[in-house]
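Visitor: I am new to this structure. Could you take me through it with a few questions and answers?

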Amino acid sequence: MTRECAVLLPGVCAALADPRQPGLDDTCLEKLLDWFRSLTWFDPTVELVQENPCLTELITSVLALPDPSPSILSFTLQLAGILASSESRFQHLQEEKLLGRLFGQEGPRGSAAWEEASVRSAWVRGVHSMLQHQPALPFLCSTGGMDVIFALQGDPSLFVASAASQLLVHMLTFSLESETSKALSAKDCDWPVCAQMIVKHIGESLQSSSASHVEQSLKLLSSLFGSCFGSCYAAWTEVLWLDIAKQIESFLLEETAQAQPLLANLLLNVARSPVFCGTEGSFWALVTSALEHLTPVQAVPLAVGLLKLCKCPQDVRIQALTVLLQPLDCILRAASQRLECAGLLDESVSDPVTVESLLSSKTSCAGLLCQTLTHLEKLLSLKHLRVDLPCVSLLHSLMTILQFCNGFLSPASPLGSTISRNLINCFRVQKSALDVLAALSEKKDCDTLIGSLFDVLLAYLQSPNTSPTVLKKTFQATSKWLVHLQELSCSNSQWQQTEKILEDVFVVLQKRLCSPCWEVRDSSLEFLTAMVKCLRDQKEFRQCLLSSEVLRLTENLLEDPESYVRASAVTAMGHLAFITCFAPESPVTGSQYNKESIVAKLQEILSTDSEGFPRRAVISIFTKWLREGCTGQLEDTGQFVSRVIQTVERDLDWEVRLGGLELVEVFCSQTICQLSQCPYAPVSSAVTSSSPQKELLQVFCRAKLFGFLFRSLCDCDKPVGQRACDVLIGLRGHFYPMSTLENPQEVEDSPAGRGIAWLQRTLRQGSLAQNLPRDGGDGVDFQDPESMMLALGAIDLLELHDELNKSSDHVEESPQSLLQDILATVGTIEDNEVDCY
């Protein structure tokens with residue numbers, strides 16, 4: 001603690017304990033506690049309380065109050081716990097007889113203040129902070145604290161109940177730390193006193209007739225096995241499991257028990273423990289039983305968790321996959337007249353009638369399918385799934401679901417008819433199914449169904465009943481499968497099928513680009529951009545694109561009334577330019593889609609559009625063009641960049657200005673690559689004055705980069721200044737390798753020295769943008785190569801970088817500022833408005 005804080009602290013403590021003072025803002029008190037946590041973390045000695053007796057005086061004063069405010073009592077409980085977190089301070093507070101009066105029977109537990117959830121929560125948090133050393137455990141056990149914590153597990157406040165459960169997990173784990181070396185196997189385990197109390201409480205609660213007590217213990221066990229206990233305390237984990245396994249099994253067999261929903265999470269957390277990694281033993285038999293007896297809604301999360309485990313036995317893994325796929329298997333069978341027709345699965349884990357009844361119910365059908373499909377999409381994204389998915393049947397099932405949802409399939413079976421009625425126009429299921437469909441495009445063995453798949457996708461793209469959100473998902477899935485189709489046609493020479501599908505897609509796209517719904521127009525443009533990114537090098541795609549009206553319609557949307565659509569149109573036009581303008585042999589040379597025309601249109605948007613989104617899109621496209629070398633020869637590129645940054649510099653949107661700096665950064669690195677001996681290599685000091693260096697500076701000065709960069713250093717939006725500083729530091733690293741910077745005195749004596757010195761001073765004040773005319777000031781010429789070489793070498797850019805990266809509240813965040821704020825606030829009658837960061 002600093003001397004300044006030590007001087008202020010007694011006044012703060014006195015104000016906190018004074019009932020006549022108005023209550024402090026809770027944020028202030030929380031920040032004060034954060035400060036004490038950091039103090040005690042770095043210094044476990046007793047000196048903190050001995051040298052600052054005002055802390056114990058505060059606790060004593062609050063305890064003496066007949067009716068302390070809940071906020072001050074809560075603060076005191078937490079402060080005492082934090083102070084008692086080291087053994088030496090714990091003993092000191094015990095000698096002062098303070099801890100028993102706070103956390104023991106004579107504390108607030110029996111008072112009216114206990115009715116406040118904030119006080120109960122503070123009591124739990126205070127105990128949790130204190131339990132960092134072994135002497136705290138017997139103190140809590142001897143003062144009846146364990147019974148209080150057990151009771152708080154069922155507290156009406158979820159925050160208090162959760163904190164109590166976390167505290168019990170911490171206590172059990174902590175009480176075993178000193179016993180770890182003693183227990184070599186389950187037979188050697190002898191629970192310490194505190195742990196024994198917790199384990200006994202768990203056992204009694206599991207056998208209780210109270211459903212809430214059972215639920216509390218199952219939640220506690222899930223948290224316990226899910227914590228470091230399950231992985232670090234193998235012997236005790238095994239003992240605890242053996243104690244409760246029979247009871248857990250009985251819950252599974254009682255199919256109406258309220259405990260069942262919690263069992264899946266418990267079993268999954270136990271399965272993650274190294275104790276149960278082997279294939280032998282009764283545990284996996286219990287997991288298998290759970291997969292059979294839990295309802296599908298409860299079993300699916302368990303099944304997915306098991307499929308992600310590295311050391312799950314293969315037979316259990318296959319069973320888990322069967323549970324996950326059972327609803328989709330039912331869909332396939334229901335689509336046929338005979339339910340015994342082939343589906344996804346050879347056999348079921350649980351009774352198929354259960355799944356059929358859920359899918360037959362209007363209330364549960366969509367929920368079960370969405371749960372299954374969401375988990376399936378996540379599994380498909382895994383790089384290493386240790387079980388094979390039946391991708392062809394899975395794709396068939398997804399297509400069936402989508403056809404049920406839009407009413408394009410009329411199943412012959414009664415079950416199929418019921419499911420179809422439940423799913424008609426169900427947006428949730430459509431979106432989930434399309435997500436999985438998109439993920440399946442990465443699989444290589446679905447080629448036999450690709451024609452039927454595009455029939456389903458095109459039906460959704462064409463249907464006027466497809467909602468905008470579902471249409472967006474359909475576009476995303478279609479773009480992924482088009483890439484897969486292109487790869488397939490290249491290898492199998494299926495050009496005709498590919499060409500027909502692309503033609504159909506472009507016909508639909510033309511219609512959707514003219515939709516009265518702006519979300520549809522926006523999604524259509526995003527789809528077009530995605531296709532161009534992936535397929536622009538494919539001849540069939542280019543031919544279909546150029547023979548359609550898509551180019552004209554996209555250009556028209558540059559003037560759309562909705563700014564999101566204009567931004568998407570800019571992005572689409574920017575990517576289309578790789579086909580219409582920048583291709584080696586552009587098929588539309590000399591047309592309205594030439595490079596000059598498109599650049600002019602986008603520059604007009606950058607200059608005049610009233611919304612930020614289109615302008616951001618333009619600067620992003622310009623940067624992409626520059627990265628890919630599409631802006632012409634070096635001189636033309638310099639002029640292009642110069643025009644763009646002069647427009648960007650005046651933009652009120654900081655993200656546009658930031659985009660301008662990214663453009664400059666790309667231009668600088670490319671120019672250095674072209675004019676230097678080796679790409680990205682700093683030049684040696686021997687050639688610092690050589691022609692390439694001068695030429696580089698001349699190019700940058702002609703493009704007016706330095707004025708833009710130095711003015712951006714003082715931008716009112718910090719990210720802009722930070723990026724400008726990064727670019728300048730990168731340039732200095734090229735022109736001044738190995739920190740061979742200019743001598744400040746020699747700079748002062750040079751002709752341009754006064755101007756550079758003024759520039760350095762002005763930058764330190766952060767006022768360059770206001771003080772500096774566009775063409776320089778006080779002799780600073782941003783277009784003079786020699787002056788800019790001097791500026792790069794003389795100005796302390798690293799100091800500026802540190803200043804720009806400082807938090808804006810780095811002064812106000814100090815503990816001293818917090819204490820001053822508290823003292824300034826207490827004693828006033830007005831509403832608290834404290835600057836407590």
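**Helix pairs, buried residues and cysteines**

Visitor: Which residues in α22 meet Ser452, Leu453, Val456, Ala459 and Tyr460 in α25?

Guide: This is a predicted model, in which local features need pLDDT of at least 70 and side-chain atom pairs count only at pLDDT 80 or more, while totals for chains, interfaces and linings use all residues. Residues are numbered from 1 along each chain as its sequence is written, and side-chain values use heavy atoms, without hydrogens and water. Contact means heavy atoms within 4.5 Å. On the α22 side, the residues are Leu395, Met399, Leu402, Gln403, Cys405 and Asn406.

Visitor: How is α22 oriented relative to α25?

Guide: Axes are lines fitted to C-alpha atoms, for helices over the stretch in contact, and angles between N-to-C directions run from 0 to 180 degrees. The axes of α22 (residues 391-406) and α25 (residues 450-462) come within 10 Å and cross at roughly 25°. Angles under 35 degrees count as roughly parallel, over 145 as roughly antiparallel, 65 to 115 as roughly perpendicular and the rest as oblique. Therefore α22 is, relative to α25, roughly parallel.

Visitor: What is the orientation of α10 to α11?

Guide: Helix α10 covers residues 145-152 and helix α11 residues 158-176, and their axes lie 8 Å apart at an angle of about 130°. That angle makes α10, relative to α11, oblique.

Visitor: Which residues of α11 make the contact with α10?

Guide: From α10, the contact is made by Met146, Ile149, Phe150 and Leu152. Their partners in α11 are Val160, Ala161, Ala164, Leu167, Leu168 and Met171.

Visitor: What share of the chain is buried?

Guide: Buried means under 20% relative accessible area, exposed over 50%, and partly exposed in between, with a 1.4 Å probe and protein chains only. The chain has 837 residues, and the buried share of them is 53%.

Visitor: How many residues are in the largest nonpolar core?

Guide: A nonpolar core is a set of buried Ala, Val, Leu, Ile, Met, Phe, Trp, Tyr and Cys residues joined through side-chain atoms within 4.5 Å. Leu306 is among those with the most contacts inside the largest core, and the residues Leu306 touches include Leu268, Trp284 and Val316, not counting residues up to four places away in sequence. The number of residues in this core is 278.

Visitor: Is Leu99 buried or exposed?

Guide: Leu99 is in helix α7 (residues 99-103). Not counting residues up to four places away in sequence, Leu99 touches Ala84, Phe90, Leu93, Gln94, Gly104, Met130 and Phe139. Because its relative accessibility is 1%, Leu99 counts as buried.

Visitor: Is Gln216 buried or exposed?

Guide: Gln216 lies in helix α13 (residues 211-226). Phe150, Gln153 and Gly154 touch Gln216, leaving out residues up to four places away in sequence. Since the relative accessibility of Gln216 is 16%, Gln216 counts as buried.

Visitor: How many disulfides does the count come to?

Guide: A disulfide is a pair of cysteine sulfur atoms within 2.5 Å. The closest cysteine sulfur to that of Cys426 belongs to Cys405 and is 5.8 Å away, so it is too far for a bond. Cys426 is buried, at 14% relative accessible area. By the rule for sulfur pairs, the count of disulfides is zero.

Methods. Helix = DSSP H or I, 4+ residues; strand = E, 2+ residues; numbered from the N terminus.
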